[in-house]
Amino acid sequence: MHDPDKFESFKESCQREINENSEASHKLNELKEIASDSRVVLLFGAKDKEHSHAVVLKEMIEK
């Protein structure tokens, strides 16, 4: 994500992509299950720690 001003749009797009893909949605549910009992570490290579795929995934796991 190179433009923080577009992060909300990017976030919505990522969420929609995961929710509309049955395999991705299933994997998200598996991560939620694991996270309910264990620590989950999300690794990413983005320089911007506040505007990345990992932030979106973290929020979705925590819901």
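Figure 1. I18 touches A24, S25, L28 and M60, with residues up to four places away in sequence not counted; contact means heavy atoms within 4.5 Å. The residue lies in helix α1. Helices (H or I, at least four residues) and strands (E, at least two) are DSSP runs, numbered from the N terminus. With a relative accessibility of 19%, I18 counts as buried; buried means under 20% relative accessible area, exposed over 50%, and partly exposed in between (1.4 Å probe, protein chains only). L42 is 24 residues from I18 along the chain, and the C-alpha atoms of the two are separated by 16 Å. The model is predicted, so local features need pLDDT of at least 70 and side-chain atom pairs count only at pLDDT 80 or more, whereas totals for chains, interfaces and linings use all residues. Residues are numbered from 1 along each chain as its sequence is written, and side-chain values use heavy atoms, with hydrogens and water left out.

**Figure 2. Packing of helix α1 on helix α2.** Helix α1 covers residues 7-20 and helix α2 residues 22-37; the two pack at an angle of about 100 degrees, and their axes are 5 Å apart. Axes are lines fitted to C-alpha atoms, for helices over the stretch in contact, and angles run from 0 to 180 degrees between N-to-C directions. The angle makes α1 roughly perpendicular to α2 (under 35 degrees counts as roughly parallel, over 145 as roughly antiparallel, 65 to 115 as roughly perpendicular and the rest as oblique). On the α1 side the contact is made by I18, N19 and E20, and on the α2 side by S22, A24, S25 and L28. By class, the residues of this contact divide into three nonpolar, three polar and one charged. Here Ala, Val, Leu, Ile, Met, Phe, Trp, Tyr, Cys and Pro count as nonpolar, Asp, Glu, Lys and Arg as charged, and the others, Gly among them, as polar.

**Figure 3. S25 on the α2 side.** S25 is found in helix α2. When residues up to four places away in sequence are not counted, S25 touches I18 and N19. From S25 to Q15 the C-alpha to C-alpha distance is 9.7 Å, and the two residues are 10 apart in sequence.

**Figure 4. The aromatic pair F7 and F10.** One aromatic pair is present in the structure. The ring centres of F7 and F10 are 6.0 Å apart and the ring planes stand at 40 degrees, so the pair is tilted. Rings of Phe, Tyr and Trp (its six-membered ring) pair if their centres lie within 6.5 Å, with planes under 30 degrees apart counted as stacked, over 60 as edge-to-face and the rest as tilted. F7 and F10 are three residues apart in helix α1 and are therefore separated by about one helical turn. Both residues are buried.

**Figure 5. K11, C14 and Q15 of helix α1.** This view shows K11, C14 and Q15, each placed in helix α1. K11 counts as buried at 15% relative accessibility. Neighbours within four places in sequence aside, K11 is in contact with V56 and E59. L57 is 43 residues from C14 in sequence, yet their C-alpha atoms are 8.6 Å apart in space. Q15 is also buried, at a relative accessible area of 15%. Its contacts, not counting residues up to four places away in sequence, are V56, M60 and K63.

**Figure 6. The buried residues of helix α3.** In helix α3 (residues 53-62), A54, V55, V56, M60 and I61 are the buried residues. They pack against α1 and α2. M60 is among the residues touched by I18 and by Q15.

**Figure 7. The whole chain, for orientation.** The chain has three helices and zero strands, and from the N terminus on its elements run α-α-α. Its C-alpha trace spans about 35 × 25 × 20 Å along the principal axes. The chain has 63 residues, of which 22% count as buried. Of the contacts between residues at least 6 apart in sequence, 64% join residues at least 24 apart. The accessible surface is about 5,100 Å², and 48% of it belongs to carbon and sulfur atoms; areas come from the Shrake-Rupley method with a 1.4 Å probe, and for residues only the protein chains shown count as cover.
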